[in-house]
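Please look over the structure shown here before reading the notes that follow.

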Amino acid sequence: MTTVFNKIHRLKQQPGWTWDHFLTEIDKCSVAGIDEKTLYSHYREPHKKPNGHLEKLINQLHDDCFPNPFSEDLNRLMRLYNHLFSCKKHIGKEKDIQDLEFFLQHQSQREDDLLRISRLHWLLGNIEFDRIPLYRDNGMLDQLALCKQQAINHYQKSVSAIEAHNQHPAQAAVGTSHLYKARHNILACYLNAVPQASRSKDADIINYLKASNYIAMSKQTLDAEPFQWTIARNGLRFSSLIENEVDVKWFFMALVSLSRRFLSLDYEPLNHGAISDGEDFHWAIDNVLTSDYLASVKVAIQEKGNGKAHEKN
Amino acid sequence: MVRRMRKIRSLVLLSMISIVLLIGGCATAPDVDERERISSPEPSTQSIGVSEPDDLKAEKLQARELLLEDSESEVGSDGAASSVDGVHEKLERQSDDMERLD
């Protein structure tokens, strides 16, 4: 899920988007606008939870500047499913999800438009994806294997449809960030299907991680959009699982460069746990992110900051 | 003598009832007056459309830079993040699963 933090950074990264321009664009969208300080703090702090007003305004601006390549009707259907899935009071939720799934499967077979096919399979993948923790935590291994494989198949079909669409020169190509997201979901299926304690030894995860070139793709994405701290955090996670010291340091520095708060392994960014709490990060914490290493990074950053201050003076 | 005893007994009974009522009343009384529960609106800064002098603009720019940089000073000596702003939300999590992206 793209956070308000990421959207503010992506908007700000555009040429000509000074803070004055940013605030003017916000004022065009809403009479009430946003308090300047609130905007800055959401730009700085990955843990900040936005209020509804800010979220709505930033989403609106982001959608105007970076239009979604998929049809609005299917995006809304996806939003509807997300609300249905997260609703705790909905009686007969699983039955309704099954009905929706039935409709989507039929619809995906009828469609000709590649982007619509891609989005329908993406949503079908999401439905299977969301069942994984339930089957895993209840030890329902046959159902777990089935829904994991179906989720992967749907996401793979979604990727293939986007790639086929991008081969038509007459049509506007879908950006690499969408392909990255779909591939990220495939890797997440492999990871989430395995209980935390066994992840570092799971051959399926390690094999897919190497075959998919996920680490290199994550680095590429971070070079273009360094504010994507969730990508850096996942890069750190997988580098730790495959016990790669160089990559652990690379992704950790990516996090720290974005916010010094990540120097504390107890720091909890929005909707995510602390690195110190995640079992997937154990190898990195024990072997790379030691207190001595963290102290040396802190000193290096301070020296860098002092150097910049001297240059200014 | 009996009259006196009855009087004393009824007095004791009355005082006991009033104590019980008093305790009951305290327990059910609201903590805060509803009218006091009015939240203050978030201040908003709106440009007023009047051109600013150059030194004022420079001051504003400096203040903005300070606002953007002050996050670094908020990190404590041990590197721990402060959560005084009250927006550091903790969600209940079963495990550190990867979230799906839409």
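In which sense, left-handed or right-handed, does α11(A) cross α12(A)? The crossing of α11(A) past α12(A) is left-handed, a term used when the near helix is turned anticlockwise from the far one by less than a right angle, with clockwise being right-handed. The model is a predicted one, in which local features need pLDDT of at least 70 and side-chain atom pairs count only at pLDDT 80 or more, while totals for chains, interfaces and linings use all residues. Residues are numbered from 1 along each chain as its sequence is written, and chains are lettered from A and ligands numbered from 1 in the order in which they are written.

**The helix pair**

**Loop residues with positive phi**

- A:N213, in the loop between α10 (203–212) and α11 of chain A, has a positive phi of about 60 degrees although it is not a glycine.
- A:N213 counts as exposed because it has 11 C-beta neighbours inside 10 Å, the limit for exposed being 12 or fewer and for buried 20 or more, with partly exposed in between and C-beta atoms placed from the backbone.
- A:E243, in the loop between α12 and α13 (245–258) of chain A, has a positive phi of about 55 degrees and is not a glycine either.
- A:E243 is partly exposed, with 13 other C-beta atoms within 10 Å.

Notes
Helix = DSSP H or I, 4+ residues; strand = E, 2+ residues; numbered from the N terminus.
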